[in-house]
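Subject: Structure handover

Hi,

My notes follow below it.

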Amino acid sequence: MFVFFPVGNGVFATSAFHKGSFLLEYCGDRITPEEAEEKEKKRKSRRSYVFYYNWNGEHAIDATKWSDRLCRFVNDEKIGYPKNNSAMKLKVINGYPRLCLFATRDININEELRYDYGDNDLPWREVGFSLYFLF
Ligand SMILES: C[S@@+](CC[C@H](N)C(=O)[O-])C[C@H]1O[C@@H](n2cnc3c(N)ncnc32)[C@H](O)[C@@H]1O
């Protein structure tokens, strides 16, 4: 894992993966969307680690707390763009929902993992966002 500007931390493959391979699980505290929204309002960092999902209703996983589980560090890239190489899928395992990241194409060693966060309203997707950090 490296730190680079302006995206912050990111996750890089230390081995090659074939399309369809399981990569990582998004782990954190399971909270309600209401709790997540309250936490997000109080957030001081510009980085968010909350993942919202739907499984028999709305849920959220809060991965804000530092942990060595890497999925919290995977950055966003819109589907259709070259850096997009994975997708988060909800898998129900033994009756329990798990958020799993899978490769959507072959991934080379040293390539950064990126998936579409599924929200079109993300500031870094706006033209000029990177320039914001230069000034
Ligand atoms: C789940 S964290 C990903 C890891 C994060 N980059 C870090 O440094 O810990 C999500 C946050 O990373 C940043 N981020 C993710 N994808 C980005 C992108 N494509 N460009 C700029 N910032 C991005 C945003 O601040 C976002 O709220």
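**Nonpolar core**

The largest nonpolar core has 19 residues, and Leu 23, Tyr 26, Val 74 and Leu 101 touch the most other members. A nonpolar core here is a set of buried Ala, Val, Leu, Ile, Met, Phe, Trp, Tyr and Cys residues joined through C-beta atoms within 7 Å. Buried means 20 or more other C-beta atoms within 10 Å of the residue's own, exposed means 12 or fewer, and partly exposed lies in between; C-beta atoms are placed from the backbone. Strands E3 (22–25), E6 (58–62) and E9 (96–103) each supply at least two residues of this core. E9 gives the most, with 3 residues.

Leu 23 touches Phe 17, Ser 86, Leu 101, Phe 102, Ala 103 and Leu 113, leaving aside residues up to four places away in sequence. A contact needs C-beta atoms, placed from the backbone, within 7 Å.

**Model and numbering**

This is a predicted model: local features need pLDDT of at least 70, side-chain atom pairs count only at pLDDT 80 or more, and totals for chains, interfaces and linings use all residues. Residues are numbered from 1 along each chain as its sequence is written.

Mean pLDDT (the predictor's confidence in each residue, from 0 to 100) is 91 for the protein, and 90% of its residues reach 70 or more. The model scores ipTM 0.99 and pTM 0.92.

**Fold**

The protein has 2 helices and 10 strands. Both are DSSP runs numbered from the N terminus: helices are H or I with at least four residues, strands are E with at least two. The order along the sequence is β-β-β-β-α-β-β-β-β-β-β-α. Of the 135 residues, 18% are buried.

**Ligand shell**

Which residues are closest to the ligand? Gly 8, Asn 9, Asn 75, Asp 76 and Trp 124 are, in a shell of 14. The shell test is a C-beta atom, placed from the backbone, within 6 Å. Strands E2 (8–10) and E7 (75–76) each give two or more residues to it. E2 has the largest share, 3 residues.

**Two positive phi values**

Most residues other than glycine have a negative phi. Asn 94 has a positive phi of about 50°. It sits in the loop between strand E8 (86–93) and E9. Asn 94 is exposed, with 5 other C-beta atoms within 10 Å.

Asn 110 has a positive phi of about 75°. Its loop runs between E9 and strand E10 (114–115). Asn 110 is exposed too, with 11 other C-beta atoms within 10 Å.

Best wishes

Key
Two residues are in contact if their C-beta atoms, placed from the backbone, lie within 7 Å.
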